[in-house]
Structures are given as structure tokens and as C-alpha cells.
Amino acid sequence: MNPVVVERPGVVKLATLPPLALYIHIPWCVRKCPYCDFNSHERTGSLPETEYVQRLVLDLEDLLPSVWGRRLISVFIGGGTPSLFSPEAIDALLSAVRARLPLEPGAEITLEANPGTVEAARFRGFRDAGVNRISIGVQSFDDRRLAALGRIHSAHEARRAIDAALASFERVNVDLMYGLPGQDLAGAKSDLEQAIAAGAPHISAYQLTIEPNTAFFSKPPALPAHDACADMQVTIEQVLNERGFEHYETSAFARPGQRCRHNLNYWEFGDYLGIGAGAHGKVSFPDRVTRHERPKPPASYLKGEAMKETRVAPAELPFEFMLNALRLVEGFPSTLFQERTGLPLATISRSLKSGEEKGLLERDPRRIRPSAKGRRFLNDLLQEFLAS
Ligand SMILES: C[S@@+](CC[C@H](N)C(=O)[O-])C[C@H]1O[C@@H](n2cnc3c(N)ncnc32)[C@H](O)[C@@H]1O
Ligand code: SF4
């Protein structure tokens, strides 16, 4: 497979290469949710598991020359609904990955699961295949909200899935959404309380957004008012803080030791290989940062259509770095900017100063972080770095 290389001029100097992760995309779901704009497709008939795993392995082999001698710190099998794949297919996939690219000892390996597609034996199978972290898409514990979201599972099934996951895994994330059709503050709080009571040591809470090219975009449901959603967000942060969760990224909350290593690597502008339909990745070299992207439709992907590879223009790197790093509540060490972009921090001194003057950014000689206002108006803060 010959990549199409789109060259853009420019030079950067990276003294060290960032940590490397692997993202694996599985693009099928039982049913397409009306709010979802991920590259996910309703399954029709049986899944081409073997064929797809073979294609994933070819993808990985293609990328090996670009990461020679490096080790993986984490693997994330996302979707779509990866829990639709059998434990045997996940085992074959992870064995093939390990045989081609060494994993750091104790590397985090996450698999995304939909409560409508799992039970205890399946979780045990995933664990035996090497998965050590599960992320469950619960969204809500209210059956009326789940129906409005077109989910394939009930609240009862969601609770059972969490119990079954916790029986096999110490590291479990529960995805919740708030600002749902018909939801009020008490409802959002109750969802959160139930996720905590279920024992989830990591919770991701996303405000429902209406994305183009979704069923909700063409026929939008009535949503709670903007102020009501802002109140939900404040309440979610307060409650989780009181219950001992650390708020470490815009939407992510973890008990101590439970932060997601794989996602942290994105937010710290680390490198990652992307394999699977529509997956994209980022790979750094001493003199450049590149991105790669696979064809999105599963059929084109399975046919082996070429990936697209792009060199990131140095002028785009400050914004790309900040787009990720400013999501971190504690910000980042000042030295990380140069380490990951290969550009001196002076490149963005005007933007940093302006962000600080507007009260959106805080910094000391060692760290740069968004202020509380900057987190609330993250887009305004990011604008500062567009023209760096
Ligand atoms: C790719 S899904 C992974 C889990 C699995 N596919 C499922 O839905 O059960 C990742 C998460 O993104 C969130 N999400 C998806 N679409 C969203 C939207 N339009 N607005 C806010 N959050 C969304 C949901 O919480 C979802 O669980
Ligand atoms: S199950 Fe998850 S990935 Fe699939 S359509 Fe629904 S939200 Fe999207």
C-alpha cells in the first residue's frame, strides 16, 4: 500500500521523540445512535472479524518503519463498538500487535464496550486476551433518556455491565452524557450518583452536542437551555470533587491512579499510530511531525485503499499542541511545548501574554495552565494560538 504524501514546507527540531501509543478502530455497532458522528456503521449480518484483523495487522506493518526501535505505552481499541468482536479476535489482534511492536511493561490496553453487547464471560475473555481497562458507554441510568438517545440497552443492563466489568478489571471508565432531551439538573445529578454508586473509578462526562451529519442534526430534539447545561457541568464537577475524583481533563474524572494513560498521551501531544477504518495517527521525527489517516468507509478500508500522510506545517503546531494540552486542568510543564513541537517557547510568547492578560491563562516559570475562566471559554483561549 503506497501512502499519498502531501508535503508542506518547514523545519522543526525535536531533541527527543514523544511516547508512542496505538489506536485501533472497530467501525461497527448494533445500531447507529442518532447523536453519534463517529465513524460507526450499523452491522448487517456477521462481522468480517478475521478479514478485518488481517487488514489491521497489514496497517501496522506498513507503519513499522516510521517507529523503528520505539515501544508502545498504551493501546486503545475504540469504535464503534469493539465489544462486538469476539475475545478470540481481540486475542489474535493483540498477539499480532505484540509480535510486531514491543509494549512497555504494564502498558495500558483499553477496550470500549457497549452495555448491550457484553456479559461476564466476554469480559473475562477480553481480560485473558490482554485487555486491562474497559470503557463502558452508559450515557444515562434513566430508561427514558436512554430511549430518547436511541440506545440499545436499559439502565439495568448498564449496571450489570459495570458489575461484570469490575469483576474482571480494576480499571473501568463509565461514559455519561448530560444536557439530554428532557433532562433537568436533578436527573443529571442522579445519573452521576448512580455511576459513582456502581463503583466506576473513572467517569467521563460529556455534554450532548448536536453534530452535523447525524439524525439529531436533521431532526433536533428539544434540549435543556444553555444555562441549565452550564449548571449541570458545575454540579458534576462539584459532586465528583467531593467524592474523591480528580478532574484532570475537560470531561475526565478519575480516582487517584486511575487516569487514562492513552488519552493523556493525546492531550500531552504524544505520538500515536492509528489503524482501522478512518483511524488517524501522529508520528514525530527529529525534523518533522506527520499525520496519517485511513479511508473511512469499512468497505474501502477492507479493500486496502491507501492511507493519506501529511507533514504538519510548523505554523500549525502551536495551535495543534494547545488544542490538546489546554484541555488538561493542571496544564503542562513549560518545557513540554518545545519538547513536543520542536519549536522554541518564544514562538508563542505573544499569545501566552495575551491569554494571561485576558485572564484565560495562568503561568509560572514551570507550568502553563488554563484558568477557571479559560477552561469555561476554552475556544476563546485557543483562538489566541491560531495565528502564532
Ligand atoms: C465512540 S463512543 C464509545 C462507546 C460505545 N460506542 C457506546 O456508545 O457505548 C464514545 C463516547 O462519546 C460520547 N459521545 C458520542 N457522541 C456524542 C455527542 N454527540 N455528544 C457528546 N458525547 C458524545 C458518548 O459518551 C460515547 O460513549
Ligand atoms: S454505540 Fe457508540 S459508536 Fe456506536 S453509534 Fe452509538 S455512540 Fe456511536
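1. The shell around ligand 2 divides into four nonpolar, four polar and three charged residues. Here Ala, Val, Leu, Ile, Met, Phe, Trp, Tyr, Cys and Pro count as nonpolar, Asp, Glu, Lys and Arg as charged, and the others, Gly among them, as polar. The residues in question are Cys29, Arg31, Lys32, Cys33, Tyr35, Cys36, Ser40, Gly80, Thr81, Asn114 and Arg151. A residue qualifies if one of its heavy atoms lies within 4 Å of the molecule.

2. A note on the basis. This is a predicted model: local features need pLDDT of at least 70, side-chain atom pairs count only at pLDDT 80 or more, and totals for chains, interfaces and linings use all residues. Side-chain values use heavy atoms, with hydrogens and water left out; residues are numbered from 1 along each chain as its sequence is written, while chains are lettered from A and ligands numbered from 1 in the order in which they are written.

3. Strand E7 (residues 133-139) is mostly covered, with seven of its seven residues buried. Buried means under 20% relative accessible area, exposed over 50%, partly exposed in between (1.4 Å probe, protein chains only). Helices (H or I, at least four residues) and strands (E, at least two) are DSSP runs, numbered from the N terminus. Both faces of E7 are covered: one carries Arg133, Ser135, Gly137 and Gln139, the other Ile134, Ile136 and Val138.

4. E7 has parallel partners. Strand E6 (residues 103-113) joins E7 through four bridges. Glu112 stands opposite Ser135 in E7. Strand E8 (residues 171-178) pairs with E7 over six bridges, also in the parallel sense. In E8, Asp175 is the bridge partner of Gly137. Pairing requires that DSSP finds at least two bridges between two strands.

5. In helix H13 (residues 349-357), Ser351, Leu352 and Gly355 are buried. Seen down the axis of H13, its buried residues fall within an arc of 100 degrees, so they line one face of the helix. The arc is that of the directions from the helix axis to the C-beta atoms. On the other side of H13, Arg350 and Glu357 are exposed. Gly359 follows H13 and has a positive phi, near 75 degrees.

6. What covers the buried residues of H13? The cover includes helix H11 (317-325), strand E17 (361-363) and strand E18 (367-370).

7. Three strands form an open antiparallel sheet in the order E16-E18-E17. Strand E16 (332-333) and E17 are the edge strands, each pairing on one side only. H13 packs on the sheet and touches E17 and E18 (contact: heavy atoms within 4.5 Å). The direction of H13 makes about 110 degrees with that of E17. Axes are lines fitted to C-alpha atoms, for helices over the stretch in contact, and angles run from 0 to 180 degrees between N-to-C directions.
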